[in-house]
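Please keep the sequence and the coordinates at hand while reading.

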Amino acid sequence: MNTNTVDQPIAPSADRRPPRILVVDDERSMRELLAIVLRREGYEVLLAENGRAAVDLLEREPVDLLISDIKMPDLSGVDVLRAAKKIDQDILGIMITAFASTETAVEAMRLGACDYLSKPFDVDLLKMKVREKIENRQLRQENVLLKRTLGLAHQFSNIIGRSEAMLDVFKMIETVARTNSTILLTGESGTGKGLVAQAIHFNSLRREKPMVSLNCGALPETLLESELFGHMRGSFTGADTNKKGLLEVAERGTIFLDEIGEMSAVMQVKLLRVLQERRFRRVGGLEELQADIRVIAATNQDLARLIAEGRFREDLYYRINVIPLTLPPLRERREDIPLLADHFLAKYSEQMGKQIAGVSHDAMDLLVAHDWPGNIRELENVIERAVALESTPAILADSLPPNIRGDAPRVAVGSTEALPESGFDLEAHVKEIERGYIAEALKRAGGVQVKAAELLGMSFRSFRYYVKKYNLR
């Protein structure tokens, strides 16, 4: 018999792929028995008759559970498990053998085999163990997901506001949450787009499934592609194992694409295909995977302007802008500022172990009067700072930053120089002002672009674009 043959797997379901199990045993009768038993349980089963064939298959196909005989002619089951762990460190293993020994059992367990059975074994016991292992793997994946989400409490009530503008937002969330339509959230930085995305997901029919988020402006193109689509082992330098992308991980759930305006032209094309065909491939992979996901995109940029400048695809814009939802800036809902201030005060007083009962009238008047260019995020930072500095039972005006108290010079909004009689080139004038601010921010940040971008309230990627545009270093 040819020792490098691999039994053909059954065709995968057209729907979501069932858990995939690789059975490795040099006894044909044992392979066939396990295949029949496991396929009846609804699993997809791959079969290999020796260790080398198993390793070859593991390098080509993603596998959830490895069931292997320990003693085989070429590679032992422990060798196969060791190779499997190098390809996918999260793979689970069940070792089966007629030659039980303490040494091999300890080695298999050390490598991560989650169970060990001696022949002959009870088929019902095996089915129970397989079911437990598959469920454990799914729970571990969900645990990883929780760490990759925004990390905020998932309750609709966590969006604070009683202004007319926010009541309209709440009504819109309730209306669109139970649809599967793609949503585009727009609004200035810090207006709470992430919280709204969570509220939509956790009030939707997909709430029992994962919600994952990805900041499109935080990663370079190659890493963004790998994070979104996943990759196969060896597809690029450093790809030591197979990895699921967020599209795959968010199966039947929701994916939140923040700062979508920062996505490169190449990635825009690939995302457009996913939205049109609901299919994708891992980086370096050949298998077409289905994307049963709900997409919520967000941006603080004017996408219409980006389209006019040739920096955002018009066809992608129409794909993501099925249901637009605009979040108001904080200066347009000032009546919500006291509510938000009290919420953050309670949060940081508890965190820092301080007994601060409230915000003084003078301090609250200053908070309500401020324009909040950084919106809710800026207000939260101001309250956190005030709680840290305050030594009395109430937040006093002196604990607020100078720009809130009016002690710092403010950039005049709307002030203009006299327009020359002959007119002038407005676009060139604006570019000169823009270049000046970017150069000054770089100087203040000591050349560190990330810090300079923060000073101007820009994403790092946008800042880098303007540095290149104006040839600043």
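Predicted model: local features only at pLDDT ≥ 70, side-chain atom pairs only at ≥ 80, totals over all residues.

Residues are numbered from 1 along each chain as its sequence is written, and side-chain values use heavy atoms, with hydrogens and water left out.

**Salt bridges**

A salt bridge is counted when a side-chain nitrogen of Lys or Arg lies within 4 Å of a carboxyl oxygen of Asp or Glu, and a search of the whole structure finds 26 of them.

| Pair | Closest N and O atoms |
|---|---|
| D124 and K127 | 3.5 Å |
| E288 and R281 | 3.5 Å |
| K347 and E380 | 2.8 Å |

Helices are DSSP runs (H or I, at least four residues) numbered from the N terminus. D124 and K127 are three residues apart in helix α5 (residues 123-148), so about one helical turn separates them. D124 counts as exposed at 52% relative accessibility, whereas K127, with a relative accessible area of 22%, is partly exposed.

In the pair of E288 and R281, E288 is partly exposed with a relative accessible area of 26%, and R281 also counts as partly exposed, at 41%. Both residues belong to a network of salt bridges that links R273, E277, R279, R281 and E288.

K347 forms its salt bridge with E380; because K347 lies in helix α13 (residues 337-352) and E380 in helix α15 (residues 375-389), this pair ties together parts that are 33 residues apart in sequence. K347 counts as partly exposed at 31% relative accessibility, while E380, at 18%, counts as buried.

**Enclosed space**

A cavity is a set of points, on a 1 Å grid over the protein atoms alone, where a 1.4 Å probe fits but cannot get out, and its volume is the space filled by probe spheres set on the points, which are joined across faces, edges and corners. The structure holds one cavity of 30 Å³ or more, and about 40 Å³ of space lies in the largest cavity. Its lining, meaning residues with an atom within 4 Å of a point, consists of L58, E61, P62, V63, A84, I87, D88, I91 and N242. With Ala, Val, Leu, Ile, Met, Phe, Trp, Tyr, Cys and Pro taken as nonpolar, Asp, Glu, Lys and Arg as charged, and the others, Gly among them, as polar, the lining of the largest cavity divides into six nonpolar, one polar and two charged residues.

Technical notes:
1 Å grid on protein atoms, 1.4 Å probe; cavity = no way out; pocket = protein on both sides within 12 Å on 5 of 7 lines; lining within 4 Å. Helix = DSSP H or I, 4+ residues; strand = E, 2+ residues; numbered from the N terminus. Buried < 20%, exposed > 50% of the residue type's maximum accessible area, 1.4 Å probe, protein only.
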